[in-house]
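Good morning, everyone, and thank you for making time for this. Please have the picture open while I talk.

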Amino acid sequence: MTWLDALADKALDCDLPTREEALAVLASDDDELLDVVAAAFRVRRRFFGRRVKLNYLVNVKSGLCPEDCFYCSQRVGSGADVLKYSWLKTDAVIASAEAGVAGGARRVCLVASGRGPTDKDIDRVASTIATFKERNPDIEVCACLGLLSDGQAERLADAGTTAYNHNLNTSGGHYADICTTHEYADRVSTVEAAKSAGLSPCSGLIAGLGETDEDLVDVAFALRALSPDSVPVNFLIPFDGTPLAGQWTLTPQRCLRILAMVRFVCPSAEVRLAGGREIHLRTLQPLALHVVNSIFLGDYLTSEGQPGAADLAMIADAGFTVEGAETPSAPSATSAPSAASATPGTSAPPVAPSAAPTAPVPSVTSAVSAPSLTSPSPATPSTPRPDLVQVRRRGAGTTLPANT
């Protein structure tokens with residue numbers, strides 16, 4: 001039995017790894033990378049089978065945030081040329097959310113920029129959620145509105161909200177290096193307030209903020225202590241006009257190790273591959289599906305993701321099933337089989353959602369202008385690819401159709 005076998009066995013029993021074990025995953029070498037992914041896949045398969053849950057983001061209020069989070073394109077003083085608009089009307093929010101549902105999303109996430117909502121804001125969002133749930137009773141709704149005040153989480157829960165997202169983002173020791181207008185403890189208390197109100201806690205991290213391996217393990221352990229049901233793992237999108245512009249420290253291999261470490265620490269949580277996956281994982285995105293069990297479909301808050309059709313093709317080609325799908329579908333005939341799908345015990349037929357397009361889908365690699373499969377070693381900063389950072393110009397807040 002290898003150390004990775006032992007680590008996977010521990011995760012299967014929902015036992016917390018030691019810090020040394022978690023750090024060892026991040027420090028593993030390239031020769032061990034597929035073994036790391038395979039060990040994480042054992043855990044993912046035990047708790048989630050071969051299902052991939054699709055989530056869809058709706059930016060209901062974009063830009064003009066008074067907080068100074070260094071990574072954020074919506075921060076105060078941001079020079080990023082992102083969409084800026086105040087609260088969308090209920091009809092616009094529901095139309096955008098239902099576009100995601102039509103694309104196969106089982107959860108829609110309503111996100112608003114700002115430090116936190118006023119009571120009037122809570123009234124607005126709660127009313128929108130109640131209307132959406134009347135029309136879509138089986139679809140989960142996650143709200144992400146910033147720091148919550150007393151009683152606000154309860155009002156969201158009463159309106160039918162399923163979950164509340166508030167990411168820790170990084171370790172407590174590193175937090176002051178990425179934000180000065182609020183504290184790490186404020187984020188922890190908001191997650192706890194949402195959980196106490198009966199909302200499903202959703203909290204994750206952003207990698208690539210200049211953190212150390214120790215910081216990554218610290219935030220993963222802190223998340224485990226909060227027992228979130230969902231753990232989004234984001235990778236920094238270094239927007240021009242933000243303090244972290246030009247910071248390209250991630251490689252596809254590094255991203256896979258981070259995802260695997262989170263899976264070992266939070267084995268039964270819905271680990272969600274979130275913002276920045278196309279930019280940093282690039283052509284290794286299908287391998288990540290063997291670690292995570294959830295992704296965002298299409299675009300993000302202020303940046304564009306790969307086409308939704310390419311997301312669906314990627315899932316099918318890798319041999320996974322979209323959660324809630326009913327109609328089996330063969331992988332795209334134009335796509336080569338994923339090397340990762342040859343993992344022993346992974347021969348289940350792929351299934352695409354019934355809403356999958358019938359027209360030929362673009363290849364996953366071309367959809368994000370992916371570079372060569374040859375990537376820098378994890379010890380070397382990734383080659384900057386600012387051309388991959390595409391500001392969102394469609395969907396919520398625009399007159400153009402959403403990318404689903």
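Before we look at any residue, we need one cut-off, namely that a residue is called buried when its relative accessible area is under 20%. What you see is a predicted model, so please keep that in mind as we go.

Let me begin with Thr-190, which you will find in helix 7, the helix that runs over residues 184–196. Is Thr-190 buried or exposed? Its relative accessibility is 2%, and because that is under 20%, Thr-190 counts as buried. If we leave aside residues up to four places away in sequence, Thr-190 touches Gly-146, Leu-147, Leu-148, Tyr-164 and His-166.

Ile-122 lies in helix 5, which covers residues 119–135, and with a relative accessibility of 0%, Ile-122 counts as buried. Among the residues that Ile-122 touches, again not counting those up to four places away in sequence, are Pro-117, Leu-145 and Arg-155. Take Arg-155 in particular: Ile-122 and Arg-155 are 33 residues apart in sequence, while their C-alpha atoms are 7.5 Å apart in space.

With those two residues in mind, let us turn to the chain as a whole. The chain has 13 helices and 10 strands, and of its 404 residues, buried ones make up 56%. If we consider the contacts in the chain with a separation of 6 or more, then 78% of them are accounted for by residues 24 or more positions apart.

Now for a pair of helices. Two packed helices are described by the angle between their axes and the distance between the axes. For helix 1, residues 3–12, and helix 2, residues 19–27, the axes come within 11 Å and cross at roughly 125°. That angle makes helix 1 oblique to helix 2, and the crossing of the two is left-handed. Which residues of helix 1 and helix 2 meet? On the side of helix 1 there are Trp-3, Leu-7 and Lys-10, and on the side of helix 2 there are Glu-21, Ala-24 and Val-25. The residues of this contact divide into 4 nonpolar and 2 charged, with no polar ones.

Helix 8 comes next, at residues 213–226. It has 14 residues and reaches 20 Å from its first C-alpha to its last, close to the 20 Å expected at 1.5 Å a residue. Its buried residues include Asp-215, Leu-216, Phe-221 and Leu-226, and what covers the buried residues of helix 8 includes helix 2, helix 7, strand 6, strand 7 and helix 9. Following helix 8 is Ser-227, whose phi is positive, near 55°.

As for helix 9, which is mostly covered, 14 of its 14 residues are buried. In the loop between helix 9 and strand 8 lies Pro-267, which is buried, with a relative accessible area of 3%. Apart from residues up to four places away in sequence, Pro-267 touches Ala-11, Cys-14, Val-43, Phe-47, Phe-48 and Arg-224.

Terms used:
Residues numbered from 1 in each chain as written. Predicted model: local features only at pLDDT ≥ 70, side-chain atom pairs only at ≥ 80, totals over all residues. Heavy atoms only, no water. Axes fitted to C-alpha atoms, helices over the stretch in contact; angles between N-to-C directions. Helix = DSSP H or I, 4+ residues; strand = E, 2+ residues; numbered from the N terminus. Parallel < 35°, antiparallel > 145°, perpendicular 65-115°, else oblique. Left-handed = near helix turned anticlockwise from the far one by under 90°. Contact = heavy atoms within 4.5 Å. Nonpolar A, V, L, I, M, F, W, Y, C, P; charged D, E, K, R; others polar. Buried < 20%, exposed > 50% of the residue type's maximum accessible area, 1.4 Å probe, protein only. Expected span 1.5 Å × (residues − 1).
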